[in-house]
Amino acid sequence: GPLFGYAFDGMIFFGAQVHGELRFPLLKQRLGARVGMEFNFGSSSGRVTFDDLSPEATTSVGGLVVPIEAVFAVLDSKAFDLLVHAGAELRVEQAGLRIVDDNAGGGSSVGLSGRAGLEGNIQVGKGVLYVGAGVAGIGRSLSAFSDERITLDGSLLHVRAYAGYRYYLEF
């Protein structure tokens, strides 16, 4: 499903996600694990200062995120579930800084960060419509993308919202 996010330094994220979830036969199947893939892109604009010049600049970051999370159903009924989820994410990303129309620098990075959220599921057919919100990028910074030409800085911590349909396979 689609996802949207906003970083606390003004970067706006958007992307798409797919994931699988397995509920364990413990606590009436309220405990589970989730793994997935997300593709995202974030961008923010501003100005950089060189002596007495202040040209437009755009910072962009994007790539593949692989989340691994524990899931717990706080509320579990036939028609509606309320889940909390938390875990880690492997991030394989590229970032860069463009000043006017020139690439000023940047790079690629592989790293780990944390995430957590709350999600509501409404039963529809053999699956659920889900809507969620949370935080991601906990502990991740743009400094991982700096190179010899440029130093990038700023947190990639962001609040996010997402929605979609999850189909349940029964064994």
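Q: What makes R166 count as lying over the face of Y130?
A: R166 is placed 4.5 Å from the ring centre of Y130, and a charge sits over a ring if NZ of Lys or CZ of Arg is within 6 Å of the ring centre and within 35 degrees of the ring normal. This is a predicted model, in which local features need pLDDT of at least 70 and side-chain atom pairs count only at pLDDT 80 or more, while totals for chains, interfaces and linings use all residues. Residues are numbered from 1 along each chain as its sequence is written, and side-chain values use heavy atoms, with hydrogens and water left out.

Q: Why is the pair of Y130 and Y162 called tilted?
A: The structure holds 2 aromatic pairs. In the pair of Y130 and Y162 the ring centres are 6.1 Å apart and the planes meet at 55 degrees, so the pair is tilted; rings of Phe, Tyr and Trp (its six-membered ring) pair if their centres lie within 6.5 Å, and planes under 30 degrees apart count as stacked, over 60 as edge-to-face and the rest as tilted.

Q: Why is E38 called buried?
A: E38 has a relative accessible area of 2%, and buried means under 20%, exposed over 50% and partly exposed in between (1.4 Å probe, protein chains only), so E38 is buried.

Q: What joins the side chains of E38 and R160?
A: A polar contact of 2.9 Å joins them, the term being used for a pair of N or O atoms within 3.5 Å, where within protein one must be able to donate a hydrogen and the other to accept it, and residues adjacent in sequence count only if both atoms are side-chain atoms.
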